[in-house]
Amino acid sequence: MTFQCRPLGPLLYLSVALLGLALSACPKSGNIEEERTPQPETPSEAVCAQNADCASGEICGGGICIPFVTEAPSIDAGPNTVPLSTPDAGAAPQPVTDAGIQVVDAGPPAPITSYGIDITSPYHQSGHFANAALRFSAQASATGPDVDWSNATVTWTTETQANLYTGLDTGTFLSSFSTSLPSGHQVVSARLMRGTEVLATDSISLYMCEHGILLDFSEAPDEESWYSLVDRGNSSRNIWHSDGYVEMTNYLSQHAALFYLGRTIHPGDLRMNVRVSLGQCSTPGPCTSGSDGADGFAISIFDVSNEASLKSLIENHTSNGGTLGFMLVNDAENNPPPAVEAFHLEFDTYYNQLSWGHPHTDPTTQDHIQVHINGSMDDDIDVDPNSEVELWAEVPGLRDNEWHDIGVVIAGTEMTVTMDDEVIITGNVPSFDFKGGYLGVTSTTGGLFSYQRIDDFEIFDNCPYQDPEESP
Ligand SMILES: [Ca+2]
Ligand SMILES: [Ca+2]
Ligand SMILES: [Ca+2]
Ligand SMILES: [Ca+2]
């Protein structure tokens, strides 16, 4: 997932902590410490513009919340310079330094027992997708002479769910679980408890997106947001169908590419849905024509640096027939294609063989869905020469002319492809590194025709965090 912020390196964190402040706004942490006077070295770390943004006992200084100190805790720390009135957020660096030095000079802390809990995953103020599993983790800790872990546990809640999870591993003092959350702004709290006593607590704010970007083709793809190439530029056929979908190929057209330029897909993880219909009838749905069709189509994400590179690649290095318009080939002057990192999910409705003069051999004679990478149709998609991974599945009903819901999930090196909510491909590609890039569809036919249609692209690759007041 995309994180809004990253933890500080350990060295930086240490030195900043000595100064009594942490610069990072996340992950947010908090402690309830017993029998202690207010501790200047425990700021809430929240980003702020004014005092009202900070917790009680803190003021806004240098853009972050810092403890409000009313008394010098040691005799040699000098006068306290933290003003009582609202300071200028950008003009009060001095009190921050003073507060920290006071602590350093205060000598060893009193021998007290205190407990802490720190939510380490997900990050405070990060965005995620609703109804997809999200991993939560918190680290419990304790110091002091009378630490007692008996009957201790961690209870997780949101503002609307009284018990998200309860549990604590007493070996690692980690509390971890996975769950999905509903859409909207969510405050998730972890409480370190013993019986009804709250030993420590921490909270994070999350934003859960309900939808990804939906490209529903209710209107014709506009040229600013989309790049299309039909029959290698030899056709002016409108691939948009007024019923609100895209007809990539039909009984005449042999090659089409349609790429979304509105934005590029983020590297990392990806979740994506699309509807597809392949068959012999001009209208999607039941179709009694039993004749054979070819060749198929593919969803591709090419990691190229700009639109010009993408267009050059598609115009010069793709072809019709069994290549499905994504397998990169030599251009008209026989120049080889550039090396490109790419992800492809093909919907292959025609069996090809090297011995027939095709540039590859399909892994099965049956219609199939297959994962390929880097503009190649090699079955082994793990670039590591020491391991071989193939991800494909026979799908006998692929050409039934009906709409099918396809789902693609890339989570690290794990890939899952579903069709009509059934998992048809799942596997791990150890050396896979999803680079993101331009998302598109290519579709081809050859000697045999096929209607090949797509609709309702939904892309869930990034959910930006939103503050509660901005959230719907
Ligand atoms: Ca539609
Ligand atoms: Ca094929
Ligand atoms: Ca194939
Ligand atoms: Ca390999």
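Before anything else, a rule for my notes: two strands pair if DSSP finds at least two bridges between them. Strands themselves are DSSP runs (E, at least two residues), and helices are too (H or I, at least four), all numbered from the N terminus.

**Ground rules.** I'm looking at a predicted model, where local features need pLDDT of at least 70, side-chain atom pairs count only at pLDDT 80 or more, and totals for chains, interfaces and linings use all residues. Residues are numbered from 1 along each chain as its sequence is written, while chains are lettered from A and ligands numbered from 1 in the order in which they are written.

**Entry 1: strand S15.** I started with strand S14 (residues 240-241), which is joined to S15 by two bridges, running antiparallel. Trp-240 has Val-246 of S15 as its bridge partner. Three residues sit between the strands of this hairpin, and there Gly-244 takes a positive phi near 95°. What does S15 pair with besides S14? I found three bridges to strand S26 (residues 451-459), also antiparallel. Val-246 turns up again here, with Ile-454 in S26 as its bridge partner. Is S15 (residues 245-249) covered or open? Mostly covered: five of its five residues are buried (buried means 20 or more other C-beta atoms within 10 Å of a residue's own, with C-beta atoms placed from the backbone).

**Entry 2: the core.** Next I looked up the largest nonpolar core, which has 83 residues. Such a core is a set of buried Ala, Val, Leu, Ile, Met, Phe, Trp, Tyr and Cys residues joined through C-beta atoms within 7 Å. Val-154, Leu-192, Met-248 and Leu-258 touch the most other members. Why does this core lie between domain 1 and domain 2? Domain 1 (114-209) and domain 2 (213-459) both give residues to it; the bounds come from an automatic or database domain assignment.

**Entry 3: Leu-258.** Leaving out residues up to four places away in sequence, I listed what Leu-258 touches; Trp-226, Ser-228, Val-246 and Met-248 are among them. Touching means C-beta atoms, placed from the backbone, within 7 Å. Ser-228 also stands opposite Leu-258 in S16. Five bridges join S13 to strand S16 (residues 255-265), and the two run antiparallel.

**Entry 4: two sheets.** S13 and S16 belong to an open, antiparallel sheet of seven strands, ordered S13-S16-S25-S18-S19-S20-S21. At its edges I noted S13 (226-230) and S21 (392-394), each pairing on one side only. The other sheet I checked is open with five strands, S5-S11-S10-S7-S8, and mixed pairing. S5 (126-129) and S8 (165-166) each have a single partner strand, so one side of each is left without a neighbour in the sheet.

Key: Buried ≥ 20, exposed ≤ 12 C-beta atoms within 10 Å, placed from the backbone. Contact = placed C-beta atoms within 7 Å.
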